[in-house]
Amino acid sequence: MTDVLAVADHRRGELRDVSYELVSAGRELADAAGGELHLAVISGPVEEYAEKLNREGVDAVHTVSHGEEFNHDVYTQAISQLVDALEPGFVLAPNSVNGLDYAPAVATQLDRPLVTDVVGVAVDGDTLEATREMYGGKVETTVEVDAADGAVVTIREAEWPPAEGTGDAAIEAFDAAIDEAAVGSTVTGFEEVAGGDVDIADAEVLVSVGRGIEDEENLELVEELADAMGATLSSSRPIVDAGWLPPNRQVGQSGKVVTPEVYIAVGISGAVQHVAGMKGSETIVAINTDPNAPIMDIADYAIHDDLFDVVPALIEQFQ
Amino acid sequence: MKVLVTVKEVATVDDEFEIAGTEIDDRFLGADLNEWDEYALEEAVQLTEDGVADEVVTVTIGPEDAEQTIRQALAKGADRAIRVWDDALADVDLLDVGAKTAILEAVVAEEEPDLVLTGVQTGDDSFGATGVALAADLGVQWAAVVNELELDADAGVASVHRELEGGVEELTDVELPAVLSIQTGINEPRYASLRGIRQAQRKELAAKTLADLGLEDDDVAAELTLTDMYEPETETDVTIFEGDASDTAGQLADLLRDKGVAQ
Ligand SMILES: Cc1cc2nc3c(=O)[nH]c(=O)nc-3n(C[C@H](O)[C@H](O)[C@H](O)COP(=O)(O)OP(=O)(O)OC[C@H]3O[C@@H](n4cnc5c(N)ncnc54)[C@H](O)[C@@H]3O)c2cc1C
């Protein structure tokens, strides 16, 4: 019997979607390991969160009331104490920015192996089999973890369906003893990254450019295409990092989520954090020299060719 | 103030490749300085230029081949480099977070830096966890996914922005010493100048074994075993436009006109 403890994610008063995905992943793992699914929800309005998290398949929700927002020291201490009390085999956390800010510390403190950014799980006796990607999604791998002493696993967002239904979980307040002296970081606020001239989330058609464009001067070519088509220009992250386009043009996990009718990815590999922002597009077109680029997995139409040949030809079509 | 920067040489994969067992066949692999580490290094070098730090040391876990990449880091302004390798590591398919952390911890114990900068993740195995695990191991503070850094060395505080999802940043004060994992876009990494490249040849690059660091093979025993590697199955039925550029552009233009999204 191996129980699972999954840790919910929330921010500024709202549970994040991945929390419900964690319930599904947690249930799957608990079933495979023949154990119970426990959830932990730490900081913020935990009672309210616990009610929402009480979905089908949840055996217990443990609330830790401490502060309003995420603090990695509080999370690390609370989770370690919950693990001591409940003795779950697996600790599941989201592979979110906050998950990555505490899960490695939890694994270190508990002296358990850590597997991050997992997209699939299976259990065989004391062995955890995790599926994860390497090389920016070009290959998938299976890693085996000796989980006799447990393991900490972070799951990729949007890989499991969100859990639904209402459960009959026991909701219990857990009295974690937080050592304030050991809290060495303080969240002082939040900042929204600046808006700007256009909202790419409103666009019907996006021509989106990635690192395949190579140089800032070449950007003109894609701008010309967007103009010719009456489309809006967006980009992957490296283009914004380089300062070639402003942050409000960035599509992705840390940029904007867009759902246009047509999304044309020009020289974009389709890394998971990019895909997080555009996979809801109605029709996805990829122009990429690499037939194995992960963007091909979600594209509806593709041209395996050099963008410097295809884009000028496309501009001609619309002039 | 001394800054230690972790620098990894990552494998890059050609457009076309073949898998041999649980790895990509060598013929299809290249090598590069990990993208995220490049920003971490630049941040450290800028700290010296601003007079906040007085030494930048890089640490790399990697075989002798990696020295080319390490020289790049030296050419971009690191003062000296440490490279750790051992026969015990050569046989490991996938160096997991625990093993990397054990090695880096031993280097930190020798170097006693005031600040450690790592990349958020590496482009090949992308665990995204080494920085935070290292901090926890060392018992110092940390912050993951930092895209803005202001150091008050006198007060012993790093004020950082952590880049969360959806265009939101978290502002956090972190007590020093600390380990920060650095996100791309925090700065503009420089190209190595010719002078930098020449100077890099003369900078110290110390090779160390596990024994040099007081570690045993057991300390780096892998907890994770890579058992399979394959190309992911595509989820959609993608229609591929065939032909030369004018053909494919024509087909795509027709599609867009059919959809009524372009004239
Ligand atoms: C915490 C975190 C958050 C992140 N948030 C985001 C985010 O919000 N948005 C985002 O985009 N990324 C984000 N990233 C970065 C992400 O991991 C990738 O690094 C990034 O998306 C890669 O951008 P790219 O596809 O443009 O570049 P690459 O991955 O370098 O791909 C370039 C592509 O262009 C192709 N190409 C090259 N030359 C040509 C040519 N001549 N013709 C046609 N094709 C060509 C190549 O085959 C390749 O597929 C984030 C990363 C982290 C760790």
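Strand 9 (residues 139-146) of chain A and strand 14 (residues 224-230) of chain B run antiparallel and are joined by 6 bridges; strands here are DSSP runs of E with at least two residues, numbered from the N terminus. Across this pair, A:Thr142 stands opposite B:Asp228. This is a predicted model, in which local features need pLDDT of at least 70 and side-chain atom pairs count only at pLDDT 80 or more, while totals for chains, interfaces and linings use all residues. Residues are numbered from 1 along each chain as its sequence is written, chains are lettered from A in the order in which they are written, and side-chain values use heavy atoms, without hydrogens and water.

The two strands belong to an open sheet of 10 strands with mixed pairing, in the order 11(A)-5(A)-4(A)-1(A)-6(A)-10(A)-7(A)-8(A)-9(A)-14(B). Two strands pair if DSSP finds at least two bridges between them. Strand 11 (170-173) of chain A and strand 14 of chain B are the edge strands, each pairing on one side only. Within chain A, strand 6 (residues 90-94) and strand 10 (residues 151-155) run parallel, joined by 5 bridges; A:Pro94 has A:Ile155 as its bridge partner.

The contact (heavy atoms within 4.5 Å) takes 85 residues from chain A and 81 residues from chain B. The rule finds 5 salt bridges across the interface of chain A and chain B, a salt bridge being a side-chain nitrogen of Lys or Arg within 4 Å of a carboxyl oxygen of Asp or Glu. A:Arg16 and B:Glu165 meet in a salt bridge at 3.8 Å, N to O.

Methods:
Helices (H or I, at least four residues) and strands (E, at least two) are DSSP runs, numbered from the N terminus.
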